[in-house]
Amino acid sequence: MPPSIFRIPSYLAICLVGAIVNAARFSSVILASIMLDAVNGLSPVYVGAVLFPGALAIATLSSRAGAFADRNGPRAPALLGLVLLTLGALGTAAFAGGSPYAAAASLGLFGAGVADAEEPE
């Protein structure tokens with residue numbers, strides 16, 4: 001791939017959004033598990049149970065988001081994904097140290113956002 005391709009603004013934007021979404025996804029797994037262990041005092045089994053809704057959302061919604069993007073274009077699912085991802089991250093931050101159920105719901109929302117934001121790319 002020639003480096004000149006990065007001069008195309010839309011290509012550069014989608015690469016930057018993809019990098020940010022992936023950084024958020026991978027860091028959320030690490031930071032959320034540390035938070036749930038250190039702040040909430042959950043055992044590793046419960047930490048995995050709280051992280052599970054996010055992984056389940058990514059696994060189940062990615063193909064649907066891709067099919068939707070194929071039919072209607074990538075802009076709507078990508079924008080929806082970024083909004084859901086942001087709301088999930090804010091919810092996880094807001095419920096830090098609180099209810100693990102609220103954290104699980106927030107991480108599920110985060111996962112749905114990741115599925116929508118990444119698949120249209």
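## Overall fold

Two residues are taken to be in contact when their heavy atoms lie within 4.5 Å. On that basis, in this predicted model, residues 24 or more positions apart account for 73% of the contacts in the protein that have a separation of 6 or more. The protein contains 4 helices and 0 strands, and its elements follow the order α-α-α-α from the N terminus on.

Taken along the principal axes, the box that the C-alpha atoms fill is roughly 50 × 30 × 20 Å. Of the 121 residues in the protein, 32% are buried.

## Helix α2

After α2 comes Gly73, whose phi is positive, near 95°.

The buried residues of α2 are Val47, Val50, Gly54, Ala57, Ser62, Ala65, Gly66 and Ala69, and the elements that cover them include α1, α3 and α4.

## Helix α3

Helix α3, made up of the 20 residues 75–94, should span 28 Å at 1.5 Å a residue, and the distance of 28 Å between its end C-alpha atoms agrees with this expectation. Its buried residues are Pro77, Ala78, Gly81, Leu84, Leu85, Gly88, Gly91 and Thr92. When the helix is viewed down its axis, these buried residues fall within an arc of 155°, and they therefore line one face of α3. Their cover includes α1 (9–38), α2 (44–72) and α4 (100–118).

On the face of α3 that is turned away from the buried side, the exposed residues are Arg75, Leu79, Leu90, Ala93 and Ala94. For Ala93, the relative accessible area is 55%, and since the threshold for an exposed residue is over 50%, Ala93 is classed as exposed. Ala93 and Ile30 are separated by 63 residues in sequence, and their C-alpha atoms are 14 Å apart in space.

In soluble globular proteins, nonpolar side chains tend to be buried together. The largest nonpolar core here has 9 residues, namely Ala32, Met35, Leu36, Leu42, Val47, Val50, Ala103, Ala104 and Leu107, and the elements contributing two or more residues to this core are α1, α2 and α4. Apart from this core lies another, of 5 residues, among them Val21, Leu85, Phe110 and Val114.

## Salt bridge

A search of the whole structure finds 1 salt bridge, in which the side chains of Arg25 and Glu118 meet at 3.4 Å, N to O. Because Arg25 lies in helix α1 and Glu118 in helix α4, the pair ties together parts of the protein that are 93 residues apart in sequence. Glu118 has a relative accessibility of 16% and counts as buried, the cut-off for that class being under 20%.

Methods: Residues are numbered from 1 along each chain as its sequence is written. This is a predicted model: local features need pLDDT of at least 70, side-chain atom pairs count only at pLDDT 80 or more; totals for chains, interfaces and linings use all residues. Side-chain values use heavy atoms; hydrogens and water are left out. The expected span of a helix is 1.5 Å times one less than its number of residues. Buried means under 20% relative accessible area, exposed over 50%, partly exposed in between (1.4 Å probe, protein chains only). The arc is that of the directions from the helix axis to the C-beta atoms. A salt bridge is a side-chain nitrogen of Lys or Arg within 4 Å of a carboxyl oxygen of Asp or Glu. A nonpolar core is a set of buried Ala, Val, Leu, Ile, Met, Phe, Trp, Tyr and Cys residues joined through side-chain atoms within 4.5 Å.
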